[in-house]
Amino acid sequence: MGYDQVREVDEAVADALVGERERQNDTLAMIASENHASEAVMQAQSSELTNKYAEGYPGKRYYGGCEYADEVENLAIERATELFGADHVNVQPHSGSSANMGVYFATLEPGDKILSLNLEHGGHLSHGHSANFAGKLYDVEQYEVDPETGRIDYDALRETAESFDPDMVVSGYSAYPREVEWERIQAAADAADALHTADIAHITGLVAAGEHPSPVGIADFVTGSTHKTIRAGRGGIIMCDEEYASDVDSAVFPGAQGGPLMHNIAGKAVGFKEALQPEFDEYAEQVVRNAKVLGETLQDRGFSLVSGGTDTHLVLVDLRDSHPDVSGGDAEDALESVGIVLNANTVPDETRSAFNPSGIRAGTPALTTRGFDEDAMRTVGECIADVIDHLGDDDVYADAAETVQRLCEEYPLYE
């Protein structure tokens, strides 16, 4: 794809688009929330549905000419329903955060109480951080992982729920590498007579493929992103029981959004169809296998992993034990210089700032999409360890960059 038509109008943007395509092909994307959508999904997202306003829902639009928009949205809903087994699905949220907003607006009043995981311990901004709308609108109390195990302390969570008496308990996390026990969180919510939202943004694809237990049918609401492990069109999704369907739909539109991004919903529909194929289950299995191998490789090189390993698509490395003088930002910058793109991340009981924390987070969804297997992941893990062990060593950096380039050529992204 050369973006010839863009170039005729705007060379600067065309150059940036070509540059981004080359950057993705020539580097290893290990940000845990990123993936590489198929060219079919990207084509759907750049379709003529970009032009269509379709405020409302299928069969109940505020504009005419929505017959194909209705068809596409219904397909996305039907496929998501089949993937997750939910009673009701709304595919209009613009993002995972917008999905959470839709649930909050459907069920809470300003000043109501939310209980969620602390951001430094693996939570998410939209679960109640003070910088986010959720933290500004609601009274938020946060639970934490056990400092010894790096895992959620479900008994402590329940005790906090009973004492805080929240209106909503939020589960599902952005930097938690372990399997979530949805039933135990539901029991904590029940003990406080609270609603329960499970945000599966990071693990949507793992849940769809059965690689992680599903909260659908356990939590009152399940929200998620549609572009991370599930590789569909960029955006969000809400799933709930039929009793909440009308309130959720009204909260999304007209409560929080105007016209849906129909081109993105088309990408969601295509991606959901891809996720219904047997090959997707194999992909999700490989994502988890690759993450485990990556974690084991780093541990063998002396690195400490929060919780001691992973059950999911990501590893969270705490650099304080193995490299106390190296911050997450230092490691991120050094690794990006050799073509490995991941992110600095806070760790439990963080001693640095959120802007330059003590950990790094690395995910395997995008590399698995490129075809990386366990052997390739071991090589990546060794490169990460080499660079951090020898920060500032140009010879080590050159060797790592050469290995990255070889891997990129061996596993091309968009041929």
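In these legends, Ala, Val, Leu, Ile, Met, Phe, Trp, Tyr, Cys and Pro count as nonpolar, Asp, Glu, Lys and Arg as charged, and the others, Gly among them, as polar. The model is predicted, with local features needing pLDDT of at least 70 and side-chain atom pairs pLDDT 80 or more, while totals for chains, interfaces and linings use all residues. Residues are numbered from 1 along each chain as its sequence is written, and side-chain values use heavy atoms, without hydrogens and water.

**View 1. The largest pocket holds about 740 Å³ of space.** A pocket here is an open set of points on a 1 Å grid where a 1.4 Å probe fits, with protein on both sides within 12 Å along at least five of seven lines; lining residues have an atom within 4 Å of a point. Look for Gln-24, Ala-37, Met-42, Gln-45 and Tyr-414, which lie nearest the centre among the 26 lining residues. Helices H2 (11-26), H3 (39-45) and H11 (262-275) each give two or more residues; helices are DSSP runs (H or I, at least four residues), and strands are E runs of at least two. H2 provides the largest share, 5 residues. The lining has 9 nonpolar, 11 polar and 6 charged residues.

**View 2. The second largest pocket holds about 350 Å³.** Of its 18 lining residues, Leu-119, Leu-125, Ser-174, Asn-345 and Thr-346 are closest to the centre. Strand E14 (residues 343-345) gives the most, 3 residues. Here the lining divides into 8 nonpolar, 9 polar and 1 charged.

**View 3. Tyr-63 sits in the loop between strand E3 (60-61) and helix H4 (67-84).** Its relative accessibility is 40%, so Tyr-63 counts as partly exposed (between buried, under 20%, and exposed, over 50%, with a 1.4 Å probe and protein chains only).

Conventions
Points joined across faces, edges and corners; volume = space filled by probe spheres on them.
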